[in-house]
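Hi,

Here is the structure I promised to pass on.

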Amino acid sequence: MSAAGQAMAGGGPSSRDTSRLEEGERIYQQYCASCHGSEGEGQPNWERQNTQGELPAPPHGPEGHTWKHSDAMLYRIIAEGWRDPWNKTERLTMPAFEDVLTPAEIRSVINFLKSLWTSEQRHHQAEESVGASFPTQSE
């Protein structure tokens, strides 16, 4: 479990963890909120294909499914972009951010997303991340 996840699960975060969560929220608001919502609420009807045959951006809070993915998978989706396999189009509906965000910034965003989940969801996600953690990269 990440330091931020441990802090959230076990009481108040340390000032270092708070700083990382604030950085993650700042980056999220700048790059992600326009599609996923300022509160992580996602786009309306996110579970149904739109007129282009694409699924809208999902929520990142407890009602979504982000918490079901490992750290490695979430990192890859943000870094490389994503095309939902159910989409009828071939384009990436989520753009890649590996040329925009540093590895540390991507991890900060993911740790911010974890703050939107219930403790049970954070626990499940931490178990999913065993053996599938963030990639190790130089900053």
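Does phenylalanine 112 count as buried or exposed, and at what relative accessibility? At 7% relative accessibility, phenylalanine 112 counts as buried, where buried means under 20% relative accessible area, exposed over 50% and partly exposed in between (1.4 Å probe, protein chains only).

A word on the source: this is a predicted model, where local features need pLDDT of at least 70, side-chain atom pairs count only at pLDDT 80 or more, and totals for chains, interfaces and linings use all residues. Residues are numbered from 1 along each chain as its sequence is written, and side-chain values use heavy atoms, with hydrogens and water left out.

The structure holds three aromatic pairs (rings of Phe, Tyr and Trp, the last by its six-membered ring, with centres within 6.5 Å; planes under 30 degrees apart are stacked, over 60 edge-to-face, the rest tilted). In one of them, the ring centres of tyrosine 28 and phenylalanine 112 are 5.4 Å apart and the planes stand at 45 degrees, so the pair is tilted. This pair links distant parts of the chain, with tyrosine 28 in helix α2 and phenylalanine 112 in helix α5, 84 residues apart (helices are DSSP runs of H or I, at least four residues, numbered from the N terminus). Tyrosine 28 counts as buried too, at 1% relative accessibility.

Another pair joins tyrosine 75 and phenylalanine 134: their ring centres are 6.4 Å apart and their planes at 65 degrees, so it is edge-to-face. Tyrosine 75 lies in helix α4 and phenylalanine 134 in the segment after α6 (119-128), 59 residues apart. Both tyrosine 75 and phenylalanine 134 are buried.

Happy to talk it through!

Notes: Helix = DSSP H or I, 4+ residues; strand = E, 2+ residues; numbered from the N terminus.
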